[in-house]
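Student: Please take a close look at one ligand site in this model. I would like the shell, the contacts and the cover in one connected account.

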Amino acid sequence: MSPKVTKICCIGAGYVGGPTCAVIALKCPHIKVTIVDLNKARIDAWNSPDFKLPIYEPGLDEVVRQARGRNLFFSTDVDKAIEEAELIFVSVNTPTKKSGVRYVERATRNIANIATSSKIVVEKSTVPCRTAESMRTILEANSKPNCRFDILSNPEFLAEGTAIQDLFKPDRVLIGSLQTPEGIRACEALSEVYANWVPKDRILTVGLWSSELSKLAANAMLAQRISSINALSAICESTGANIDEVAHAIGYDTRIGPKFLKASVGFGGSCFQKDILNLVYLSESCHLPEVAAYWRQVVEMNEYQKRRFSKRVVDTLFNTITGKRIAVLGFAFKADTGDTRESAAITLIKDFLSERALVNVFDPQVEHSQIWMDLQEASPLVPLDHIKKHVTIASSALEACKGVDAIVIATEWKEFKELDWEQLYKTMNKPAFLFDGRLLVDAQKLTQIGFKLIGTAIAASLATATLLVSHNTLSKRQRRKHLEEDIKRSLAEFDATGESSRLRTPEDEDESLSSSYSVAYDEELIREQLARNYAFFTEESMAKIRSSRVVIVGAGGVGSWAAVMLARSGVSKIRIIDFDQVTLSSLNRHATAGLTDVGMKKVKCVEKALKKMCRWVQVEAVNDLWRKETGGDLLEGADWVIDAIDNIQTKVDLLKYCHDHSIKVFSSMGAGAKCDPTRIQISDISYTVYDPLARSVRRRLRLLGVNNGIPVVYSTEVPGDVKLLPLPEEEFQKGAVKELGAFDDFRVRILPVLGPLPAIFGLNAATYILCELAEKPIFNPLPIKNRRKLYERMYRDLLHRESKLAGEQLNRLPIDEDDVGLIFDDLYRGRSAVPPYDVPQRPTIVRWDFHKPITIDNLAVFEFKDAEKHAKACWSATGDHVDPDSIWEEAVQQTVKRRAVEAQKVLDWVM
Ligand SMILES: NC(=O)c1ccc[n+]([C@@H]2O[C@H](COP(=O)([O-])OP(=O)(O)OC[C@H]3O[C@@H](n4cnc5c(N)ncnc54)[C@H](O)[C@@H]3O)[C@@H](O)[C@H]2O)c1
Ligand SMILES: O=c1ccn([C@@H]2O[C@H](COP(=O)(O)OP(=O)(O)O[C@H]3O[C@H](CO)[C@@H](O)[C@H](O)[C@H]3O)[C@@H](O)[C@H]2O)c(=O)[nH]1
């Protein structure tokens, strides 16, 4: 017979332990239930005379009111409760990663140490599969005589906000046990407890490991539905489909069902992310990388959804929210709870702050102290005082929305649906933007009031475009009128913060930077300043450039020039990282440093200059050495990274890190000891030649498994006479001098540098990235240029072959070496016309159609042996030549024809 349970202890008085065991006490008056916790404040709150419970959960206080003091007790005396109980729930928190079960382990050890009689120990916490085994080992190793422990898994499926309802009427209660007679008896004892109110057919009994895994699986499947619908919402936004309609339509299929298909700003809560990551670790430890990647994508999609949402806010508010005020309605991770763990609102507010917006936040349940704690935790490097200057916690939604430029609904609190929106509209700045991250409000009604409504998933991109145009046209005339005054005002501001003749202190820098931020720079002014770029790239591409973030590692000769040109071209977010200071000798190549900047941090010097050039630019100056161990965070949010580092090991680490994390990176190779700008070029790292730094980086990366896929700027120049200078004593004082070397052979020496060269490298990087951001990439940058000798040889080969075919020695051809260069490098990009279009070992050009004369549109590039084969097959001494289309496959014919069309365009351009 199964043992009768009369006393239960629950370790952990949190969101699960509290409501679950309170309901057990309510439904089983014959059982004494004691909920214990180490956190005294929490227990005091559970015991508070006026029922100010530590968690907000509809219906919970009613349950506690009925049972507390009768058969429900809350206590900090963990040991006493363990000793008394026959059945112990372990309902402690289980944060992510390997350390996640440490609280479970601690609680288990506690049980082992205290218990003097047999116990049924129940895992209520969500744990990785086979945690019960570790618990058993701990319990058995420490057990006393006549003391047996049976372990059960009884995962909890309640959702916050509906916990009481879920506990009263669970879909199922799952109990896992070892399939031994003792295990089954323990399982029956727990089943009996639930049977007091849960129908028997809803109590499922399974094996221990199945039960543990089922909990992770259930959450993974639920979260996967949200990520799936959120991924579809992105498609809706691009196509004009409506995600609510899509969800409704697919939910009608009984196999899919209507629940958990609400597109949102991203799921939050303490469970989903943690439990999926647990499943990912489990898959990895079972050596199932594909399975791990599959589940990881659910979390990644969620991150993407949050990022996408904040980007949408910035884009819609005319590409900048600097100085603008945004109301965030809702801070809890979902409605009807005060829980904020992993709430999407935290990420959104963090993003808004990093864009220098001002935020008003309101949540009907979340404590103010909790909001400050979460925001501080999200940005640990930013002092709380600074956060408090930019965030205001309002006491009502109305107060939060007063005077704001936009409202963001982050939590689906019902009361937000029923706000007096007409009143709110009146108090807001116009246009009154409303971003409904929960698709909560009545879109039609609010649009009629005048709101510019942008949901997570309606055809917002189209709406935004229309808005931008109408807004701009409407106010263009007035704005034009003020343009001149605005410029004057701006210039006056600059003067006030401008250079003085004395040496500047870091305090001066900060002051001038912050005051220059305070001036709102009109969108019209920005467009005027970027007019030539708009003309070059078009509206759409410029929107992409302006909303992008570039991280530049290295603020020296290369990085500073790249930063300047990116900012001048409209990039609005630049993070620049360097640990060094400006020295007098930096001035020969630095883009922004002046005499008064000597001694200043390089990154600050760049920041200061960029802000003077471009008022839209937000610079994050990070005065630190980039290290692979900790540098990941610094690359977060980057659309592109520029490697402008001169230290080879850090360079390799950065490139490898970017490669492994699929972060786009552009690298600068060696600019030292060179002077010929015509030999500087952009290519994939795998195509670099004659550059010793590139060779060394290439070799080290290859050892790390990275062969290609990194665009670089480098020079093919082979310096004739490089004079290395000895390293000055002060550099040795800094230690680790070996790390200073640009490349192996040049360690601990100073490489002579001609100033313009690093500048050109930096400008190459900026140009390449701008075209990429604009989605108008430089089409196939030449792998190699300045190959005069090669062109001469190819010309000679062609002359030789044509002479042989004609049966007489020709002196010249109707094309010259420049034409060869054009055909080979510009038209054929240095590659053969034959798939897979390799760079030929011995590139050769050959007449394509022998019926026609030699012209640049009748020559093709082949590997030497293919060219010979071609001539042999097509040429006929009688003049009855064979049509090349009859001997070459379709792909080759098409390539040659495309190149011929391009050749015609070149001719039209040149003539
Ligand atoms: N929150 C949910 O909606 C939910 C739903 C189902 C399952 N779960 C799972 O339930 C578990 C608990 O989650 P939660 O949200 O209740 O966490 P929580 O942080 O709200 O509560 C855990 C409590 O355990 C206490 N605790 C930790 N170690 C202790 C010890 N050795 N002795 C006494 N008290 C100790 C902590 O002080 C804390 O008050 C987790 O594994 C979670 O994944 C949570
Ligand atoms: O269609 C939907 C449903 C939910 N969410 C969001 O998803 C998150 C999680 O919601 P929900 O699952 O309702 O709350 P939780 O309290 O996290 O509950 C989940 O996690 C618990 C802990 O493991 C499990 O017990 C529950 O069964 C499981 O639903 C919240 O941010 C919701 O806003 C959506 O965006 N769209």
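**The shell around ligand 2**

Tutor: The shell around ligand 2 divides into 11 nonpolar, three polar and eight charged residues. The classes are set by residue type: Ala, Val, Leu, Ile, Met, Phe, Trp, Tyr, Cys and Pro are nonpolar, Asp, Glu, Lys and Arg are charged, and the others, Gly among them, are polar. The model is predicted: local features need pLDDT of at least 70, side-chain atom pairs count only at pLDDT 80 or more, and totals for chains, interfaces and linings use all residues. Residues are numbered from 1 along each chain as its sequence is written, chains are lettered from A and ligands numbered from 1 in the order in which they are written, and side-chain values use heavy atoms, with hydrogens and water left out.

In total, 22 residues surround ligand 2. A residue belongs here if one of its heavy atoms lies within 4 Å of the ligand. The closest are L158, N219, S264, C271 and R438.

Now the polar contacts (pairs of N or O atoms within 3.5 Å; within protein, one must be able to donate a hydrogen and the other to accept it, and residues adjacent in sequence count only if both atoms are side-chain atoms). A polar backbone atom of L158 lies 2.6 Å from an oxygen atom of ligand 2. For E160, a polar backbone atom is 2.8 Å from a ligand 2 oxygen. K334 uses its side chain: an N or O atom there is 2.7 Å from an oxygen atom of ligand 2.

Next, the cover. On its own, ligand 2 has 700 Å² of accessible area, and the protein covers 91% of that. These areas come from the Shrake-Rupley method with a 1.4 Å probe; for residues, only the protein chains shown count as cover.

Two elements give two or more residues to this shell: helix 9 (208–239) and helix 11. Helix 9 gives the most, with four residues. Helices are DSSP runs of H or I, at least four residues long, numbered from the N terminus.

C271 sits in the loop between helix 10 (243–251) and helix 11 (272–285). An unreviewed UniProt entry places the feature "active site" at C271. UniProt positions follow the numbering used here, feature names are shortened, and annotations may be inferred rather than shown by experiment. C271 has a relative accessible area of 28%, so it counts as partly exposed, between buried (under 20%) and exposed (over 50%), with a 1.4 Å probe and protein chains only.
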